[in-house]
Amino acid sequence: MESIIQIDQLTKRFPVGAGEFTALKDIRLEFQKGEFTGFVGPSGSGKTTLLNIIGSLDTPTEGEVTVLGQSIAHLTHKQSAKLRNQHLGFIFQTYNLFPVYTVYENVEFALLLQHMPAAERHKAVLDALEWVGLTDKIKSRPDQLSGGEGQRVAIARAMVKRPAIMLADEPTANLDSKNSHHILQTMVRLNQELKTTFLFATHDEKVMGYLRRIISLEDGRVVKDEALAPQGQAGA
Amino acid sequence: MLAIKLAFKNILGAGFRTILNISVLSFAFVVIIFYNGVLEGWNQQARRDTIEWEIGQGQLWHPDYDPLDFFSYQDAHAPLPEAVQAEVAAGQLTPILLTQASAFPQGRMQGVILKGIDPKQPILKIPTALLADQDGQTPALIGKRMAHAIKAKEGDQLLVRWRDKNGTFDALEVTISGIFDSNVPTIDAGQIWLPLERLQQMLSMPGEATYLVAREGFVPANAAPWVFKGQDFLLADLDTIIQSKKGASGIMYGLLLIIALLAIFDTQVLSIFRRQKEIGTYIALGMTRWQVVGIFTVEGATYSILAILLGALYGTPLLWYLAKVGWAMPSASQDMGISIAEKIYPVFGFGLILGTILLVVLSATVVSFLPARKIAKINPTDALKGKIQ
Ligand SMILES: Nc1ncnc2c1ncn2[C@@H]1O[C@H](COP(=O)(O)OP(=O)(O)O)[C@@H](O)[C@H]1O
Ligand SMILES: [Mg+2]
């Protein structure tokens, strides 16, 4: 097993009016390569905040968060951009596809940022679209896709660079049950085939059914951290 | 490269606003080129005409001569300086003698300047051949403005009165032997051209002149106390007027450009506000904030590129046509005291076009950058939530 994320005494406070609001309090967690883990808890419990800090989109107020050996608090903008570009994939509740780009171009985007050579890039994009079963929608634009298809494109866009860690914030919240299961199965498969670590923020029961580790948050604290084994061993 | 591609896609996707921004900016672009082209055409025409009709390659002035001070005319005459006699004989310089006088068209009295010039002079475009001897009569040449002012036509007699060297009044009927059409008012309005020798005789100033006009190739030698005035000096008034015209029209198309730039600025502000999630997503995908600033800046600059392409599309045939058929100047501008043709042929030089392209692209880039700069300070998590004000 290989530890890829370490969180030690993480506290996150936001300035609110004249005072402060503590969104995360004294979090201590560690994640191994290949985990399929979710942060669950009611709305406002701090799931998104935690995911954003792991994703280097935000910084800790106190404590240490280390992702792939890099201390999030000490990264420059440039370094954190590079970390995200090369090693982290994001999936959002609202998909956040670029509306003026085709499906192909949306997926290609991250690779263009990496200056990957054209031939290699082309193959990677087709592979990624194949993973999510959308090779027939290459030329479509986001507004021509159904919700389930949109989120699958978002998964392909996040996965195309084969990141070490995928961060999915409420990925099923806008999807019906059938599409939710479809994309969850896709993510389980990618987790197994590519050994990508998946971290979810969710309060969707359907997602929980697929998780192998559930970390419960309440008011910014970890109240429960349980390993499950519905589909084989965690970190296999 | 990525930014440019993205910019094109984004602004083409923006529909009506894009069309509006591009149209207004392209209009400003074409108008700037048009105005400057007309002024340049005017400038070139006015310089050419003034050189051909009035100043030649420069003038050698009697030390007391000041064209703006009529009272100086009385003393500003002398025999030709020794040093330039040879050039005068060779036709490299032509002497002109002038004096204040009065004319009496239709019984009214009017102040005029009498100018004596060699009928055989080869330097100025004034048709002085019409001053050749006409059996005993005194031929006189006037311009169309003067002819209009005194209601004279060819063949008319005109009474003129002057004082000679000794202050004695004398008078004579001259015959209008020709009316010339020149765009240069300073050799026309209020002036009567006479044969040089005749005027010298009238004034009792044989062999004298007030100034000499140089022909191409003339090398000013020291003829002190006479002073040589080069073209730059003699065209300075013209340059000043053209410059002031440039300033005035600059304000006008500057306003147009500012309107176009404001539209882009406004579009940028709105677009940054509306596309927060997109901005957050760019950053999540691994762009730095400054790269995102770059995307939005390039997007604004792309408006200018499209505006220039559009402007070129309709501006090229339009301006080409104007350069060919000319642009009629309003008649009010005819009385400005400097050369102006009834029709100006605009000149659209390479430098003008390139300079205008640069101006449009740079200014559009700057107004796009100003609002986009804000992105560098945003919090990506707020942007992803759409929480930026
Ligand atoms: N930028 C912020 N400023 C102030 N409060 C914030 C900010 N971001 C999150 N919060 C607060 O922190 C708490 C946790 O938010 P969040 O992590 O989004 O919760 P969850 O994703 O579990 O619903 C909420 O009460 C939220 O209002
Ligand atoms: Mg949340």
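These questions and answers look at how terms apply to a predicted model.

The model is predicted, so local features need pLDDT of at least 70 and side-chain atom pairs count only at pLDDT 80 or more, while totals for chains, interfaces and linings use all residues. Residues are numbered from 1 along each chain as its sequence is written, chains are lettered from A and ligands numbered from 1 in the order in which they are written, and side-chain values use heavy atoms, with hydrogens and water left out.

Q: What makes up chain A in terms of helices and strands?
A: Chain A has 7 helices and 10 strands. Both are DSSP runs, numbered from the N terminus: helices are H or I with at least four residues, strands are E with at least two.

Q: How do you know whether chain A is as compact as a globular protein of that length?
A: Set its radius of gyration against the globule rule. The radius is taken over C-alpha atoms, and the rule is 2.2 Å times the number of residues to the power 0.38. For 236 residues the rule gives 18 Å, and chain A has 17 Å. The two values are close, so chain A is as compact as a globular protein of that length. Its C-alpha atoms fill a box of roughly 50 × 40 × 40 Å along the principal axes.

Q: Why is A:K12 called buried?
A: Buried means under 20% relative accessible area, exposed means over 50%, and partly exposed lies in between (1.4 Å probe, protein chains only). A:K12 has 7% relative accessibility, so it counts as buried. This residue sits in strand 1 (residues 3-16) of chain A. Of the 236 residues of chain A, 56% count as buried.

Q: What does A:K12 touch?
A: Contact means heavy atoms within 4.5 Å. Leaving aside neighbours within four places in sequence, A:K12 is in contact with several residues, including A:F21, A:L24, A:T49, A:I53 and A:T59. Its side chain also reaches the backbone oxygen of A:T59 at 2.7 Å.

Q: What makes the link between A:R121 and A:E108 a polar contact?
A: A polar contact is a pair of N or O atoms within 3.5 Å; within protein, one must be able to donate a hydrogen and the other to accept it, and residues adjacent in sequence count only if both atoms are side-chain atoms. The side chains of A:R121 and A:E108 make such a contact at 2.9 Å. A:R121 lies in helix 4 (residues 118-131) of chain A. At 16% relative accessibility, A:R121 counts as buried.

Q: Why is helix 1 of chain A called largely enclosed?
A: Count its buried residues. In helix 1 (residues 47-54), 7 of the 8 residues are buried, so the helix is largely enclosed by the rest of the structure. Among them are A:K47, A:T49 and A:L50.

Q: What stands out about phi in A:S56?
A: Phi of A:S56 is near 60°, a positive value in a residue other than glycine. A:S56 is found in the loop between helix 1 and strand 4 (62-67) of chain A. Its relative accessible area is 8%, so A:S56 is buried.

Q: Is B:Q106 buried or exposed, and how do you know?
A: B:Q106 has a relative accessible area of 55%, so it is exposed. Its place is in the loop between strand 3 (93-103) and strand 4 (110-117) of chain B. B:Q106 has a positive phi of about 45°, although it is not a glycine.

Q: Where is the cis peptide bond next to B:P225?
A: The bond runs from B:A224 to B:P225, with omega near 5°. B:P225 is found in the loop between strand 10 (211-214) and strand 11 (227-229) of chain B.

Q: Why is B:L255 called exposed?
A: B:L255 has 51% relative accessibility, so it counts as exposed. Its place is in helix 7 of chain B.
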